[in-house]
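Take a look at the fold below before reading on. Try to follow the chain from one end to the other.

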Amino acid sequence: MADVEERLAALEAQVAELIERLGGGAGPAPPPEGLFWALDGLKQRLPTDGAGAVLYTGTVRVGGQHYDWQYGRGVEDLLADDWADLPVVLSALAHPVRLRLLREILGGRQGTAELAGIEDLGTTGQLHHHLRQLTAAGWLRSAGRGRYAIPAERVVPLLAILTAAGR
């Protein structure tokens, strides 16, 4: 029994030390230095009296390809933009078959024959309908002879949207 009490006392001491390190339980602790390095870099580039900015960036290796991408916009510009065309772009992603197609194409299955062989994607006609929708919205481009690819400038934005949607 003494061994259990000693172990419990040691655990209590460790918990107390962790609470102290995290700000004494008085609220969230500040992030460790360097944790928000991208955000810190963005803040250094912004005027202090502005509305702020949004930045997304990524380095991705997938399907035998490597993509590096960074894009940022000021909040004032984003809010001033005409958002009328965005529903077409976003609604193209709002279908499980289209998301599956994007995943498969990003993973290297780029031919319509390869894609048609995947279960649960529907008929060939339905497949072509979904490919047309994704192409019209800019999420895909024809890579020639029944092949499709996600444009390089769309890979990281797509993954950023999926990351945001999953939160």
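What follows is a walk through this chain, from its overall layout to single side chains.

This is a predicted model, in which local features need pLDDT of at least 70, side-chain atom pairs count only at pLDDT 80 or more, and totals for chains, interfaces and linings use all residues. Residues are numbered from 1 along each chain as its sequence is written, and side-chain values use heavy atoms, with hydrogens and water left out.

Start with the layout. The chain has 8 helices and 4 strands. Helices here are DSSP runs (H or I) of at least four residues, strands (E) are runs of at least two, and both are numbered from the N terminus. Read along the sequence, their order is α-α-β-β-α-α-α-α-α-β-β-α.

Next, the surface. The accessible surface of the chain is about 11,900 Å². Carbon and sulfur atoms own 56% of that surface. Such areas come from the Shrake-Rupley method with a 1.4 Å probe; for residues, only the protein chains shown count as cover. Of the 167 residues, 20% count as buried. Buried means under 20% relative accessible area, exposed means over 50%, and partly exposed lies in between (1.4 Å probe, protein chains only).

Contacts tell how the chain folds back on itself. A contact means heavy atoms within 4.5 Å. Take the contacts between residues at least 6 apart in sequence: 45% of them join residues at least 24 apart.

Now find helix H5, residues 96-106. Which of its residues are buried? They are Val-97, Arg-98, Leu-101, Leu-102, Glu-104, Ile-105 and Leu-106. An α-helix has 3.6 residues a turn, so residues three or four places apart point the same way. What covers the buried residues of H5? The cover includes strand E1 (53-62), helix H4 (86-91) and helix H6 (112-116). It also includes helix H7 (124-136), strand E4 (147-149) and helix H8 (152-165). Just after H5, Gly-108 takes a positive phi of about 120 degrees.

Zoom in on one residue of this helix. Leu-106 lies in H5. Leu-106 counts as buried because its relative accessibility is 13%. Set aside its neighbours within four places in sequence, and Leu-106 is in contact with Val-62, Gly-63, Ile-150, Val-155 and Leu-159. Leu-106 and Pro-151 are 45 residues apart in sequence, yet their C-alpha atoms are 10.0 Å apart in space.

Charged side chains come next. The structure holds 4 salt bridges. A salt bridge is a side-chain nitrogen of Lys or Arg within 4 Å of a carboxyl oxygen of Asp or Glu. One of them joins Arg-109 and Glu-104, at 3.2 Å from N to O. Glu-104 counts as buried because its relative accessibility is 13%. Arg-109 is partly exposed, at 36%. Another bridge joins Glu-114 and Arg-147, with the closest N and O atoms 3.8 Å apart. Glu-114 lies in helix H6 and Arg-147 in strand E4, so this pair ties together parts that are 33 residues apart in sequence. Glu-114 is partly exposed, with 36% relative accessible area. Arg-147 is partly exposed too, with 33%. Some salt bridges share partners: Arg-100, Glu-104 and Arg-109 are joined into one network. Elsewhere, Asp-81 and Arg-73 meet in a salt bridge of 2.8 Å, N to O. Asp-81 is partly exposed at 34%, and Arg-73 is partly exposed at 22%.

Turn to the rings. The structure holds 1 aromatic pair. Tyr-56 and Tyr-71 form this pair, with 5.8 Å between centres and 50 degrees between the planes, which counts as tilted. The pair links Tyr-56 in strand E1 with Tyr-71 in strand E2 (residues 65-74), 15 residues apart. The rule is that rings of Phe, Tyr and Trp (its six-membered ring) pair if their centres lie within 6.5 Å; planes under 30 degrees apart count as stacked, over 60 as edge-to-face and the rest as tilted. Tyr-56 is partly exposed at 26%, and Tyr-71 is partly exposed at 35%.

The charged end of Arg-154 sits over the ring of Trp-139, 4.1 Å from its centre. This requires NZ of Lys or CZ of Arg within 6 Å of the ring centre and within 35 degrees of the ring normal.
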